[in-house]
Every structure is written in structure tokens, then in C-alpha cells.
Amino acid sequence: MVRILGNQTLTLVHGLGDFALFTLRSFQAVLGSRRLFRRIVRAGFEQGVRCLPVILIVGMFTGLVLGLQGYYVLNRFGSESLLGALVSLSLVRELGPVLAALMLVGQAGSALAAELGIQRNSEQIAALETMGVNSLGYLITPRLIAAVLVYPMQTALFVTVGLWGGSLSGSLLLGIQPGVYWSAVERAVASQDVNECFIKAATFGLLTVALCCYHGFNTHRNRRASGARGVSASTTRAVVQSSILVLAADYVITSYLV
Amino acid sequence: MAEAHPTLLLQVKGVHKRFGENIVLSGTDLDVPRGSLVAVLGRSGTGKSVFLKCLADIVPADEGQVLFEGKLLSVADPVTRAEFRRRCSFLFQSNALFDSLTALENVRLPLEQTSDAADSEIQERSLEALRQLELEQHLHSYPSQMSGGMQKRLALARALVTRPELVLFDEPTAGLDPLRRNAVFLMIAKYQRQFGFTAVIVTHDVQEAMAASDRVALLDQGRMHFQGTPAEFAQSTDAVVTGFRDSAVALGTALASLRHGGSLPTED
């Protein structure tokens with residue numbers, strides 16, 4: 001029992017160290033990377049533009065639900081006028097960065113892990129290395145930089161659409177004056193809340209994209225499954241671990257910033 | 001420090017490689033003279049591809065030395081290794097083309113990422129490589145839209161665009177019919193003479209390899225059992241060499257024996 005626990009702990013520590021080195025080396029590869037800007041733009045397009053529909057849809061429904069739930073809770077205390085504050089603070093401080101990150105993990109992160117896994121299996125990554133191209137610099141670095149830039153933008157969009165969703169619920173369905181809703185939003189959200197939102201979004205972006213890249217890039221190391229099953233296993237692991245990491249990192253950042 | 005042999009571009013001395021309990025290479029040697037075309041023959045599963053990947057510095061050897069112009073690669077500094085990779089190209093059995101890039105983008109990639117050439121020069125050299133391999137009609141096609149032979153030519157164009165001095169071919173004719181097999185060997189021999197690079201081809205096509213190469217080596221049980229010219233290989237009376245070389249004759253004999261009610265010889 002103790003031996004199993006010890007082995008598991010060692011595996012975990014080794015995995016964390018390996019992941020940290022992978023991320024550091026990917027950033028280090030910026031130095032020798034050529035034509036990086038073009039690849040950052042392409043990675044930004046994959047993580048940003050292609051994920052827009054899911055961000056808009058989930059953002060809108062989150063705002064609508066928050067508006068409804070918030071109204072019925074506040075109504076019990078006669079504080080419906082605070083609906084804007086409740087929706088905006090929930091979205092800006094917590095739900096926006098977390099839900100946007102989870103959506104991006106589901107859409108962009110899984111695609112990323114699968115693409116890199118297939119590239120590893122079809123020897124495309126080995127081919128890069130034989131050409132003398134730094135595979136981390138070519139494949140991973142632009143995606144990490146793009147994630148740090150794109151996740152905050154996507155989160156801002158998610159929050160904005162969510163606020164409109166809350167406004168729709170409050171004013172159209174439940175009869176709150178739009179002016180009351182939006183002035184509550186304006187009074188409630190401080191610049192510190194927006195900073196927290198962006199810090200969380202950038203951190204989640206970096207961690208989740210790095211983790212998805214790590215699993216896809218190292219698909220060949222999986223001893224339990226190879227080929228298509230190996231790619232499938234890497235993608236599943238990337239999505240599950242990234243989702244857990246988002247929530248764990250959220251707790252750490254919140255407890256540090258609050 | 002090993003001395004650089006004046007005519008040898010690549011020297012392999014006593015390379016060992018094992019994967020867990022499986023010993024793949026056990027003291028493999030190979031001499032590759034500059035400007036020559038060397039064919040490494042061997043049965044499937046004898047570690048030919050692993051050997052080639054050890055040469056290309058993709059798979060690290062457990063023991064032994066790989067010397068490029070007399071410089072030991074395993075202990076070389078990053079600059080020397082980068083220099084080796086710049087001067088060496090590897091053609092994978094699977095071609096390893098980037099499936100999300102067009103033919104032109106595939107060929108541009110090594111130049112874009114490893115040279116300081118201007119964009120116009122990169123474009124010119126890439127188009128030239130594609131033209132020489134008769135792919136100018138397919139610049140904007142993706143590898144999945146091309147036939148197997150065209151993919152092979154595209155992989156060769158990508159390998160040659162950096163003007164390498166050493167090209168390593170991993171079973172370039174695997175899975176091809178005899179006509180295409182001949183065409184690929186002809187293509188390699190033609191471009192090897194045209195561009196003047198040194199080539200190492202791993203294959204199990206005996207007749208084609210003997211016809212196209214300057215030197216032949218036979219890998220058996222993790223060691224290089226034979227190294228010499230195709231003529232020496234053809235005349236060798238060694239049991240392993242004759243067994244491999246005359247496998248088509250042996251097949252005919254075994255089948256004739258089977259037709260006359262005999263039993264198949266057992267493999268030792």
C-alpha cells in the first residue's frame with residue numbers, strides 16, 4: 001500500500017516536473033524561432049475565431065440563466081435592483097473566465113491534443129527534428145503565446161454577451177428597467193475585478209493549452225495505447241486534466257487575490 | 001578524438017541499441033564513402049530502420065559511435081549537431097509530409113525555418129525543387145490529394161531543397177508495385193548523380209538495390225554481416241548472403257517441392 005502510494009507520488013512529481021520543463025523549453029524556443037508572428041496569428045485564429053460560436057452561445061445562455069436565478073433569489077429580499085450587480089460580479093470574477101476556459105478546452109484544446117498526437121504518430125514531428133527545426137518552437141510556442149492573448153479576449157466577449165443575456169432576462173422577461181440593470185453593473189464592477197478576470201483568463205489559457213500540447217506532443221510515450229487509441233487516450237487525458245486544472249487554478253488564484 | 005577519414009562522409013562503429021529486453025543492434029558498423037549510394041539490406045524486423053534513425057540522430061544509440069566527417073555526433077556540441085542536421089536529410093518510410101500544408105508549403109518549410117534566405121529566394125528554390133521532381137502542376141495540392149508516387153517525389157523534393165550532402169532513405173519502396181519500385185530507385189539514382197549527395201538506402205529489395213547502389217551492406221541479427229560492392233555481394237558464397245540474395249530462387253525451389261508432394265524446408 002505504502003509502496004503503491006509512493007510510486008504514484010513519484011509518478012505525479014515526475015509528470016509535473018516534465019510538464020514544467022516542456023512549458024519552459026517551449027517559451028525558451030522563442031529565441032531561435034523564425035517567422036513566429038505568422039504562426040501566432042494562425043494559432044490565434046484556431047483558438048479564437050473557430051471557438052467564437054461556442055463562446056457566444058454559452059455566454060448568452062449563462063447570462064440568461066444567471067438573470068433568471070438571480071432575480072428569483074433577490075426578489076425574496078426585495079433587492080431586484082441589484083440584479084445587474086449579481087450578474088456582472090458572478091460573470092466577471094468567476095463564471096466568465098472559468099466557463100470560457102472550459103469551452104475553449106473542449107473545442108480548441110481537444111483539437112490541439114489530437115492534431116499533435118496524429119503528427120507524432122505519422123512522424124511529422126520527427127521529420128521536423130531531422131530538418132533541424134525545433135519542434136517545440138515550431139508547434140508549441142506560437143500556440144502558448146496565442147493562448148495568453150486569445151483567452152482574455154474570448155473571456156471578455158463571454159462576459160459581455162453574458163451581461164446582455166442577464167439584461168434580456170431581467171428587462172424583457174422579468175420587467176426590470178434596463179437603466180436600473182446597467183447602472184447596477186456599472187456601480188458593482190471595479191477595475192480590480194476586471195484585472196482578476198484577465199489574470200485568470202490568461203493563466204487558464206497558458207495552463208490548459210500547455211497541458212493539451214504536452215499530452216498531444218508526447219502521445220508516443222503512452223505505453224498502454226498506441227496508434228489511433230493512443231491519440232484518443234491523449235486527447236481524453238488532456239481535456240479531463242485541463243478541466244480539473246482550470247478549477248484548481250481558479251481556487252488558488254481566487255484565494256490569493258481576494 | 002577520432003580522425004576524419006578523407007573519403008568517408010559517415011562512419012558507424014559498434015552501434016548498440018535495445019528497447020527493453022529486445023536487442024535490436026549489437027555492434028553494427030558501416031562505412032559510407034562521400035558521394036556514394038549505399039544500400040543497407042536486411043530482412044523485415046532486423047532493425048534497419050532503427051539503424052538509420054541512429055545515423056540520423058533521431059534515436060540515440062546506447063553504445064557505439066556515429067561519426068560525420070570524423071566528428072562524433074553523440075558527444076557533439078549543439079552547434080555541430082545542428083550543422084549535421086542542416087547537411088543531412090531523412091526520407092521517412094511514411095513520407096512524413098505535413099498533411100495540413102500544401103506541396104509548396106511542405107517544401108518551403110525547411111528553408112523558412114532553418115535558413116536566413118529572403119522570401120523570394122525561398123520561393124524560387126522551392127519551385128525549382130518541385131519542378132525538378134515534376135510536381136509543378138500540384139503546387140497547391142495537399143498530400144492527401146496526391147498519389148503514392150507523387151507523395152514520394154514531394155518528400156524527396158522537401159529533402160533536397162536544403163541541398164543536403166547526406167540523404168537517408170528509410171524503405172523508400174515499401175508497399176509499391178514492381179514498376180513503381182523501379183521508378184523510385186531510378187529517381188533516387190538519377191537525383192543522386194544530379195545533385196551529388198551521398199545516400200544511404202534501407203531496403204529489402206535486393207535486385208533493385210544491387211542495380212542502383214555503389215555499395216551494399218547486409219544487416220543480420222543486429223550486426224552488419226556483409227559490406228562490399230554489388231559485384232562482391234553477387235559473388236559471395238556466405239550462407240546468410242546467399243540465403244537473402246537468392247531468396248526468389250529458394251522460393252521457387254520450395255514451391256516446386258511442395259507441388260511434387262514434398263514438405264517445405266523449415267526456417268532456421
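This is a predicted model: local features need pLDDT of at least 70, side-chain atom pairs count only at pLDDT 80 or more; totals for chains, interfaces and linings use all residues.
Local features here need pLDDT of at least 70 and side-chain atom pairs count only at pLDDT 80 or more, while totals for chains, interfaces and linings use all residues. Residues are numbered from 1 along each chain as its sequence is written, and chains are lettered from A in the order in which they are written.

**Stop 1: a helix pair.** Select residues 83-121 of chain A, helix H4, and residues 227-257 of chain A, helix H9. Helices are DSSP runs of H or I with at least four residues, numbered from the N terminus. The axes of H4(A) and H9(A) are 9 Å apart, at an angle of about 150 degrees; the pair is therefore roughly antiparallel, a label for angles over 145 degrees. Axes are lines fitted to C-alpha atoms over the stretch in contact, and angles run from 0 to 180 degrees between N-to-C directions.

Now show Gly106(A) and Gly109(A), among the H4(A) residues that meet H9(A). Contact means C-beta atoms, placed from the backbone, within 7 Å.

**Stop 2: the core.** Next, pick Val200(B), one of the residues with the most contacts inside the largest nonpolar core, which has 133 residues. Such a core joins buried Ala, Val, Leu, Ile, Met, Phe, Trp, Tyr and Cys residues through C-beta atoms within 7 Å; buried means 20 or more other C-beta atoms within 10 Å. H4(A) returns here, giving the largest share, 17 residues.

**Stop 3: where the chains meet.** Finally, look at the contact, with 14 residues from chain B and 13 residues from chain A. Colour H3(B), residues 103-114: with four residues, H3(B) gives the most to chain B's side.

Definitions and conventions:
Helices (H or I, at least four residues) and strands (E, at least two) are DSSP runs, numbered from the N terminus. Angles under 35 degrees count as roughly parallel, over 145 as roughly antiparallel, 65 to 115 as roughly perpendicular and the rest as oblique. Two residues are in contact if their C-beta atoms, placed from the backbone, lie within 7 Å. A residue is buried if 20 or more other C-beta atoms lie within 10 Å of its own, exposed if 12 or fewer, and partly exposed in between; C-beta atoms are placed from the backbone.
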